[in-house]
Amino acid sequence: MARIPTRASANEMLDILNKQWLDTKDIKVLASVGIDKARRIKNEIISTLAAEHYFLPTGLVPSEKVVEHLNLNVRYLKKIAKDSEAKKNEKK
């Protein structure tokens with residue numbers, strides 16, 4: 001039976017995207033996938049960048065390329081994070 005990865009909140013995703021370089025664990029959270037699929041995603045990005053003659057730190061990929069590869073809408077994530085923060089402040 002397949003395990004279902006937990007989904008990260010917009011705030012958690014934005015915290016991860018604040019880093020310049022991402023590792024497999026970060027990709028796992030952003031894509032809401034397991035570790036094996038996160039490795040495949042990272043290797044796809046590395047292969048693409050290697051073809052463009054990029055030199056990368058070992059085991060890391062640029063967060064910008066992860067955003068492009070996963071088609072993440074950062075502007076929307078920021079809106080959701082702002083809205084959830086406003087709802088928290090209303091409850092207080």
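Q: Is Asn71 buried or exposed?
A: Asn71 is exposed, with a relative accessible area of 67%. Keep in mind that this is a predicted model.

Q: Where does Asn71 lie?
A: Asn71 is in the loop between α4 and α5, just after α4.

Q: What is phi of Asn71 near?
A: It is near 55 degrees, a positive value in a residue other than glycine.

Q: Which other non-glycine residue has a positive phi?
A: His53 is one of them, with phi near 65 degrees. His53 is found in the loop between α3 and β2, the strand at 61-62.

Q: And is His53 buried or exposed?
A: His53 counts as exposed, because its relative accessibility is 66% and the cut-off for exposed is over 50%.

Q: Back to α4. Which residues in α4 are buried?
A: Ser63, Lys65, Val66 and Val67 are buried in α4.

Q: Lys65 is a lysine on that list. What does Lys65 form a salt bridge with?
A: Lys65 forms a salt bridge with Glu68, and the closest N and O atoms are 3.9 Å apart. The cut-off for a salt bridge is 4 Å.

Q: How many residues apart are Glu68 and Lys65?
A: They are 3 residues apart, about one turn of the helix, and both lie in α4.

Q: Why does that spacing matter for which way residues point?
A: An α-helix has 3.6 residues a turn, so residues three or four places apart point the same way.

Q: Is Glu68 buried or partly exposed?
A: Glu68 is partly exposed, at a relative accessible area of 44%.

Q: How many salt bridges does the count come to?
A: The count comes to 4 salt bridges.

Q: Give me one in α5. What does Lys79 pair with?
A: Lys79 forms a salt bridge with Asp83, and the closest N and O atoms are 3.2 Å apart. Both residues lie in helix α5, residues 74-91, and are 4 residues apart, about one turn of the helix.

Q: How exposed are Lys79 and Asp83?
A: Lys79 counts as partly exposed at 48% relative accessibility. Asp83 is also partly exposed, with a relative accessible area of 34%.

Q: What about Asp26, which side chain does that one meet in a salt bridge?
A: The side chain of Asp26 meets that of Lys19, at 2.9 Å from N to O.

Q: Is Asp26 buried or exposed?
A: Asp26 counts as buried, because its relative accessibility is 9% and the cut-off for buried is under 20%. Lys19 counts as partly exposed, at 38%.

Q: Change of topic, helix packing. Which residues of α2 meet α1?
A: Asp26, Val29 and Leu30 in α2 meet Met13, Ile16 and Leu17 in α1. That contact divides into 5 nonpolar residues, no polar and 1 charged.

Q: At roughly what angle do the axes of α1 and α2 cross?
A: The axes of α1 (residues 10-17) and α2 (residues 24-31) cross at roughly 150 degrees and come within 10 Å. The cut-off for roughly antiparallel is over 145 degrees, so α1 and α2 are roughly antiparallel to each other.

Q: Is that crossing left-handed or right-handed?
A: The crossing of α1 and α2 is left-handed.

Q: Now α3 and α4. At about what angle do they pack?
A: Helix α3 (residues 35-51) and helix α4 (residues 63-70) pack at about 110 degrees, with their axes 11 Å apart. Roughly perpendicular covers 65 to 115 degrees, so α3 and α4 are roughly perpendicular to each other. Their crossing is right-handed.

Q: Which residues make the contact?
A: From α3 there are Ile41, Glu44, Ile45 and Leu49, and from α4 there are Lys65, Val66, His69 and Leu70. These divide into 5 nonpolar, 1 polar and 2 charged.

Q: Last one, on α3. How far apart in space are Ala51 and Ile35?
A: Ala51 and Ile35 are 24 Å apart, C-alpha to C-alpha, and 16 residues apart in sequence. Ala51 lies in helix α3 and counts as exposed, at 60% relative accessibility.

Methods: Residues numbered from 1 in each chain as written. Predicted model: local features only at pLDDT ≥ 70, side-chain atom pairs only at ≥ 80, totals over all residues. Heavy atoms only, no water. Axes fitted to C-alpha atoms, helices over the stretch in contact; angles between N-to-C directions. Helix = DSSP H or I, 4+ residues; strand = E, 2+ residues; numbered from the N terminus. Parallel < 35°, antiparallel > 145°, perpendicular 65-115°, else oblique. Left-handed = near helix turned anticlockwise from the far one by under 90°. Contact = heavy atoms within 4.5 Å. Nonpolar A, V, L, I, M, F, W, Y, C, P; charged D, E, K, R; others polar. Buried < 20%, exposed > 50% of the residue type's maximum accessible area, 1.4 Å probe, protein only.
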